[in-house]
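User: This structure is new to me. Please pick one part, look at it closely and talk me through it.

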Amino acid sequence: YESCFLIFEGTIDKQSASEFEELLPKHDGPTVYLNSPGGDLGAALKIGRLFRQHNQITAIGSLKGVEIDDWGRPADFPAGGRCESACAYMYIGGEKRIFNQDRLGFHQFYSTGAGLASGQSQIISGMIVEYLVEHGIDPRLFLAASKEDASGMYFISDEEAASFGIVQPTGF
């Protein structure tokens, strides 16, 4: 379990939340790299809260296609990667967040089942806005995400990342 970072690659499911719940207390490194198209929103919110509880830094990156140097270390890590849909909310849980332009994507939430009733949509909307505020994010981010259809993706610009509070100010 000793490493300077963790990497999560793949789709987020309920099992992912259980795995992070078990792994994070044993992890000594401060950074979790994410590379995911999304998945289960409830699990992502739970994982994001675990990241905050364990003071994790979140970043976007992947080891896929990364060359390994003569010492067995990644030569150009992180390379590529994306954090979209539910992953974007998981990323927001980071105590600090390293932002990579054009790789953080949001859109409308949706159900893979029979659909959501109006009341259920209201509850989920409230849960997302509460989560954003809890993590110091301007709730206007939810408005931006809600304008993008569930089949599309709204990528956050550098200016929006600063405006919404996704990236924290540095320097004096």
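The side chains of Arg 82 and Glu 84 meet in a salt bridge, 3.0 Å from N to O. The term stands for a side-chain nitrogen of Lys or Arg within 4 Å of a carboxyl oxygen of Asp or Glu. This is a predicted model, in which local features need pLDDT of at least 70 and side-chain atom pairs count only at pLDDT 80 or more, while totals for chains, interfaces and linings use all residues. Residues are numbered from 1 along each chain as its sequence is written, and side-chain values use heavy atoms, leaving out hydrogens and water.

Glu 84 is buried, with a relative accessible area of 10%. Arg 82 is partly exposed at 36%. Buried means under 20% relative accessible area, exposed over 50%, and partly exposed in between (1.4 Å probe, protein chains only).

Seven salt bridges turn up in a search of the whole structure. One of them pairs Arg 140 with Asp 138, with the closest N and O atoms 2.9 Å apart. Both partners are partly exposed: Arg 140 at 39%, Asp 138 at 23%.

Arg 52 pairs with Glu 95, and their closest N and O atoms are 3.7 Å apart. Arg 52 lies in helix H2, while Glu 95 sits in the loop between helix H3 (86–92) and strand E5 (96–97), so the pair ties together parts that are 43 residues apart in sequence. Arg 52 is partly exposed, with a relative accessible area of 23%. Glu 95 is partly exposed too, at 36%.

Now the helix itself. H2 covers residues 41–53, which makes 13 residues. Helices (H or I, at least four residues) and strands (E, at least two) are DSSP runs, numbered from the N terminus. From its first C-alpha to its last, H2 reaches 18 Å, close to the 18 Å expected at 1.5 Å a residue. That expected span is 1.5 Å times one less than the number of residues.

Which residues of H2 are buried? They are Leu 41, Ala 43, Ala 44, Leu 45, Ile 47, Gly 48, Leu 50 and Phe 51. An α-helix has 3.6 residues a turn, so residues three or four places apart point the same way.

Look at the ends next. Asp 40 caps the N-terminal end of H2, with a side-chain oxygen 3.1 Å from the backbone nitrogen of Gly 42. After the helix comes Asn 55, whose phi is positive, near 55°.

What does Lys 14 touch, not counting residues up to four places away in sequence? Lys 14 touches Asp 40 and Ala 43 (contact means heavy atoms within 4.5 Å). Lys 14 belongs to helix H1 (residues 14–23). Its C-alpha is separated by 8.0 Å from that of Gly 42, 28 residues apart along the chain. Lys 14 counts as exposed, at 59% relative accessibility.

One more link remains. The structure holds one disulfide, a term for a pair of cysteine sulfur atoms within 2.5 Å. The disulfide joins Cys 83 to Cys 87, at 2.2 Å from S to S. With -100° about the S-S bond, the link is left-handed. Cys 83 is buried at 0% relative accessibility. Cys 87 is buried at 0% as well.

Terms used. A polar contact is a pair of N or O atoms within 3.5 Å; within protein, one must be able to donate a hydrogen and the other to accept it, and residues adjacent in sequence count only if both atoms are side-chain atoms.
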